[in-house]
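Open the model in your viewer and keep the selection tool at hand. Each stop below says what to select and what is there.

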Amino acid sequence: MSERLNVSKTYKLYIGGAFPRSESGRSYTVNDAKGGFLANASRASRKDVRDAVVAARKAQPGWAARTPYNRGQILYRVAEMLQGRCGQFTDELRATGLSKSAATTEVEAAIDRWVWYAGWADKLAQVTGTANPVSGPFFNFSTPEPTGVVGIVAPDSPLLGLVSVLAPAIVTGNTTVLVASETAPLPAITLGEVLATSDLPGGVINILTGRRSELAPWLASHMDVNGLDLTGASGDLAVECEKAAAENLKRVLRPVEADQPTDWTAHPGITRMTTFLETKTVWHPVGV
Amino acid sequence: MGDAVSVSTETLTGAAELRRFLHGLPGVDQVGAEERAARLATRSIKTSAKAYAIDLAISMVDLTTLEGADTPGKVRALCAKAAHPDPADASVPKVAAICVYSDLVAEAVRALEGTGVGVASVATAFPSGRAPLEAKLADTRRAVADGASEIDMVIDRGAFLSGDFQKVFEEIAAIKAECGEVHLKVILETGELVTYDNVRRASWLAMLAGADFIKTSTGKVSPAATLPVTLVMLEAVRDFRARTGRQVGVKPAGGIRTTKDAIKYLVLVNETAGPDWLSPEWFRLGASSVLNDLLMQRRKLTTGVYAGPDYFTLD
């Protein structure tokens, strides 16, 4: 009897709740830490960026219109699914060179990070919103609203860094197009499978794999993208993207220490959430 | 065409003869038509050809608003957009015409004075076509008197489907007489005609009765324009010109939303009827939302970055 052949997974993109191949048909080889073959990942093109932005824009009003409480529930659900796939993520992280214990620690930290952000869904407005004193018979409120579609260039930290940039962008009602780490894209696509089986509406998170330098500029210059997170871009690429983003006044998040590795285990604070918020102020007559 | 070829259109006088002629038209190969349309839709149109196609498509648009909630203000806004689709770029061609209900024709004519953009008016109890002939004629007369340059009439699908071709023929001829020099577009409402054979018959019937244009749909019935239906109609106008020497235009309407859709139609025109039809005089796209997508694609080509809908006017 012949030996059984292992059935290995085709890593595709995650756009609009589906897993299409790149429209270009291209792929690239992903190696493990020792240089051995791991998998072929899709190498997305600018047209995949375009399609992903369309999907994100389509999903945005519906996602923002959900109650914060409901968004929080959905994010908790994602964390539950992450927990269920703990073993798979640990294996994928070990292939990037982490020891078994380090990989387990990172997966657990990632799940905890996701839960932490999920909890913010119905609390952030209380922190960033205000009742403003004004010199007239009016109630005056400022409340946060999502910026819209946010493009994210994800850092190389394959899971903890990934969820640390993704969760804060969507918890407030934004939708995202994320360019995954170029060297370790597989956990991002596996995260896509988690998202597809949670209650997250298709299009809220779209994940592309491929060359950062090829994809990020298209995302940065796209006129229908409202925010840009350049955490995973450095050097000339980050400068080029920030310039392109100025054309339609995108909110840009470019960490000051961008060219040094971020400590993803540190307490994240709320900056990543508040960067992609707009403030709406309403006046309401008193006593009517 | 078999025996039908020998029938001269001038001899089609009686109801029986008209029926014999229309039923003598060869049947449409449904699978073949759909395959052919799908195959042509895979053509890749890029760079300078795409730029040409986009400008051509813009110039062919019949910018349409046919809602019960239409106001004179909305029509004026639409007219402004028709004359200058992208106010930031003077090189964008104007659209072919705007298409409104007959009571708003006067408003549109005023707003479009001197721009060269036509005013098309739907008439004859649009979209159902269910009204007495006198009412349809009065509707048409009013639109023509108000200055419409084109009339979009609907055929009586009930009469057509029950086989009363003569009634449909006479109605179209009567409206055409009312139009005089004004161009008459005949809406077949292909979504209600059920088969491609019926689409072919209705196309010939409309052309024989004097239509200057045949148009797929009102946009109120689903499915609206589809590629295979348009293919059948383009074949009909091609064959009609070969038989009679008179050229008739085609206008798919409804369901055309993206630049890709629009370009598929242009490919279909070029490959079926031929390049003679590739001008706003002989081919129109009845749509409204497609214009913004065409403008966004055009700006992508000129600026090199993807455009967003926030930077174009809402209709």
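**Stop 1: salt bridges**

Across all chains, the count comes to 40 salt bridges. This is a predicted model. Side chains of opposite charge can pair when their charged atoms come close.

Start in chain A. Select A:Glu214 and A:Arg26: their side chains meet in a salt bridge, 2.7 Å from N to O. A:Glu214 counts as partly exposed because its relative accessibility is 22%. A:Arg26 is also partly exposed, at 26% relative accessibility.

Now go to chain B. Select B:Asp146 and B:Arg142, whose side chains form a salt bridge of 2.8 Å, N to O. B:Arg142 has 44% relative accessibility and so counts as partly exposed.

Next, select B:Arg284 and B:Glu150. Their closest N and O atoms are 2.9 Å apart, in another salt bridge. B:Arg284 sits in the loop between α11 and β8 of chain B, and B:Glu150 in strand β4 (residues 150–154) of chain B, so the pair ties together parts 134 residues apart in sequence. Are these two partners buried or exposed? B:Arg284 is buried, with a relative accessible area of 8%. B:Glu150 is buried too, with a relative accessible area of 8%.

**Stop 2: a lysine without a salt bridge**

Select A:Lys47, in helix α1 (residues 46–65) of chain A. A:Lys47 is buried yet has no salt bridge. Which side chain of opposite charge is nearest to A:Lys47? It is A:Glu23, 5.0 Å away.

**Stop 3: the largest pocket**

Select A:Arg50, B:Lys50, B:Thr259, B:Asp293 and B:Gln297. Among the 36 lining residues of the largest pocket, these lie nearest its centre. Helix α1 of chain A gives two or more residues to this lining, as do α3 (47–60), α11 (259–272) and α12 (289–303) of chain B. The volume of the largest pocket is about 1,100 Å³. Colour its lining by residue class and you get 12 nonpolar, nine polar and 15 charged.

**Stop 4: the second largest pocket**

Move to B:Thr64, B:Gly219, B:Gly254, B:Ala287 and B:Ser288. They lie nearest the centre of the second largest pocket, which is lined by 24 residues. This pocket holds about 450 Å³ of space. In chain B, α4 (72–83) and β8 (285–287) each supply at least two residues of its lining. By class, the lining has seven nonpolar, 11 polar and six charged residues.

**Stop 5: the cavity**

How many cavities of 30 Å³ or more are there? The count comes to one. About 40 Å³ of space lies in this largest cavity. Select its lining: B:Leu22, B:Leu25, B:Pro26, B:Gly27, B:Asp197, B:Arg200 and B:Arg201. Helix α9 (residues 196–208) of chain B gives the most to the lining, with three residues. The lining divides into three nonpolar, one polar and three charged residues.

Terms used
Residues numbered from 1 in each chain as written. Chains lettered and ligands numbered in written order. Predicted model: local features only at pLDDT ≥ 70, side-chain atom pairs only at ≥ 80, totals over all residues. Heavy atoms only, no water. 1 Å grid on protein atoms, 1.4 Å probe; cavity = no way out; pocket = protein on both sides within 12 Å on 5 of 7 lines; lining within 4 Å. Points joined across faces, edges and corners; volume = space filled by probe spheres on them. Helix = DSSP H or I, 4+ residues; strand = E, 2+ residues; numbered from the N terminus. Nonpolar A, V, L, I, M, F, W, Y, C, P; charged D, E, K, R; others polar. Buried < 20%, exposed > 50% of the residue type's maximum accessible area, 1.4 Å probe, protein only. Lys, Arg positive; Asp, Glu negative; His and termini not counted. Salt bridge = Lys/Arg side-chain N within 4 Å of Asp/Glu carboxyl O.
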